Each structure stands twice: as C-alpha cells, then as structure tokens.
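Subject: Structure for your review

Dear colleague,

Please find below the structure that I am handing over to you.

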Amino acid sequence: MNNIRKAVKTSLSALFSVHFWRVVGGYLGIGKRAGEGELNRADLFGEFLDSRASHVAQTALYGYMKTRAGTGFPALFEDSAMLASINIAKWQIWLACLSDLAVYGGVLMRLRTGAPAGVIRGMLEGVVARVLEAGGARAADEAGEDFAAGVRQVRERIAACDFDALRDDESAFTESPRAVVYWSPVADELKNRDVDIVRNSVRFRWQEVRRDLRRRLRAEALVSGVDADG
C-alpha cells in the first residue's frame with residue numbers, strides 16, 4: 001500500500017511540475033506582470049491594463065478547467081480540438097477583462113480629477129486601441145472568427161460608457177464573469193451548476209487588481225497627458 005501511495009504521489013508531482021505549468025503557461029499566453037511603478041503615462045497604463053486583464057483571464061480560465069477536469073487536465077492540451085477551444089476562450093475572456101478594467105480605470109480618473117467624461121473617454125479610447133492592436137497581433141490565427149466582434153464590443157462599451165453611473169467598486173466588472181462562464185470549454189450541464197461560483201470567483205480575482213490600480217494610478221498626469229514629475 002505504501003508503495004502504491006508513493007507511486008501515485010510521484011505521478012502527481014510529475015503531472016503538476018513546474019515544467020508542466022510552464023508549458024500550460026505557453027499555451028495560455030501567460031507572461032510577466034508589468035512593473036510596479038506609478039502609472040503616470042498612457043503607455044504604462046496600457047501595459048497595466050493588458051497584463052492584468054491577461055492574468056485574470058488566464059487564471060480564471062485554467063483554474064475553472066482544472067477544477068472540473070481534475071487529474072485529466074493535462075490531457076486537454078494534447079487534444080487539438082480542445083486546444084483550439086481553449087485558445088478561443090482565452091482571447092475572448094481577455095477582451096472581456098480588458099473592457100472591465102479599462103472602464104474601472106476611467107471611473108477612477110473621473111472621480112479623482114473631475115475631468116469631463118469626454119476627455120477621459122478620449123484618453124481611454126487611445127490607450128485601449130493600442131492594447132487591442134498589440135493583442136490582435138499576439139492572437140494571430142488562434143483567436144477565432146468572433147475575435148473581431150469582441151474587439152468592436154470593447155470599443156463600443158467605452159464609447160458609450162456613462163462614467164458617472166459607476167462607482168469605485170465592482171460595478172464596472174460585468175463582462176468578465178459572464179465571459180468565463182460562456183467561453184470556458186466545459187460542458188453546459190456543469191456550467192449551469194457552476195455559474196454563481198465561477199462568477200464570484202472572477203469577481204474575487206479583481207479585488208487585488210483594483211487595490212493595485214488605486215495605489216499606482218496618477219489620474220491627473222494621465223488626463224493631462226504629462227508625467228507626474230513633469
């Protein structure tokens with residue numbers, strides 16, 4: 001019995017080894033987090049939006065899949081059809097996460113600076129356009145035919161957003177919880193049972209990101225277009 005337990009433990013250690021998670025990270029596009037300095041320029045703010053949207057999207061997606069697949073999770077990446085579905089899901093969820101975080105950033109800027117909503121909207125549209133362009137280049141052929149429609153939805157949401165109707169809370173984070181449930185390649189009957197748990201899990205993942213953005217955001221510098229030290 002002890003030998004069997006030892007063999008199982010060894011197998012699981014190999015299954016979820018550092019190397020394995022690096023391989024999975026490659027499939028999911030996990031990269032380094034952006035720096036930890038002040039967000040006082042448009043390019044730095046864009047890097048923050050991209051990296052944090054990617055982090056939440058990827059951890060939510062593969063976390064949910066791993067929970068449902070259990071020890072069969074690694075085998076999913078050996079199935080070409082499943083891998084294609086995972087790739088489509090990760091990019092759609094990234095778009096939803098980017099949309100939520102960009103809107104929240106706009107809400108913070110509106111609250112802190114009192115700048116007209118049109119000014120904030122124009123700045124956000126420029127930043128998000130560059131993030132979407134870079135993301136589209138990374139997505140290449142793996143994002144699926146619905147990616148362009150998702151990009152349009154992000155742009156349209158920012159263009160129509162009423163920043164005064166939202167608060168410094170989770171009210172901006174409406175798209176990412178829905179996207180994880182909708183796009184994750186998990187059987188519908190399981191999703192129906194999991195929907196509340198998954199959505200709450202995604203909302204929880206945003207808490208640290210919101211704290212980080214509150215701490216680092218230099219709203220006046222972003223709205224005025226100059227560095228905080230300038």
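Along the sequence, the protein reads α-α-α-α-α-α-α-α-α, with nine helices and zero strands. Please note that the model is predicted.

Of the 230 residues in the protein, 42% are buried. Where contacts join residues at least 6 apart in sequence, 81% of them link residues at least 24 apart. The protein exposes about 12,000 Å², of which carbon and sulfur atoms supply 52%.

I then turned to the aromatic rings. A pair of aromatic rings is described by the distance of the centres and the angle of the planes. The count comes to six aromatic pairs. In one of them, the ring centres of Trp91 and Phe147 are 6.3 Å apart and the planes stand at 85°, so this pair is edge-to-face. Because Trp91 belongs to helix 4 (residues 80-113) and Phe147 to helix 6 (residues 147-160), the pair ties together parts that are 56 residues apart in sequence. Trp91 is buried, at 7% relative accessibility, and Phe147 is buried as well, with a relative accessible area of 11%.

The rings of Tyr182 and Trp183 are likewise edge-to-face, because their planes lie at 80°, with the centres 5.1 Å apart. Here Tyr182 is exposed, at a relative accessible area of 59%, whereas Trp183 is partly exposed, at 23%.

Ring pairs also join Trp91, Trp94 and Phe147 into a cluster. Over the face of Trp94 lies Arg138, at 5.7 Å from the ring centre.

Yours sincerely

Key:
Residues are numbered from 1 along each chain as its sequence is written. This is a predicted model: local features need pLDDT of at least 70, side-chain atom pairs count only at pLDDT 80 or more; totals for chains, interfaces and linings use all residues. Side-chain values use heavy atoms; hydrogens and water are left out. Helices (H or I, at least four residues) and strands (E, at least two) are DSSP runs, numbered from the N terminus. Buried means under 20% relative accessible area, exposed over 50%, partly exposed in between (1.4 Å probe, protein chains only). Contact means heavy atoms within 4.5 Å. Accessible areas come from the Shrake-Rupley method with a 1.4 Å probe; for residues, only the protein chains shown count as cover. Rings of Phe, Tyr and Trp (its six-membered ring) pair if their centres lie within 6.5 Å; planes under 30 degrees apart count as stacked, over 60 as edge-to-face and the rest as tilted. A charge sits over a ring if NZ of Lys or CZ of Arg is within 6 Å of the ring centre and within 35 degrees of the ring normal.
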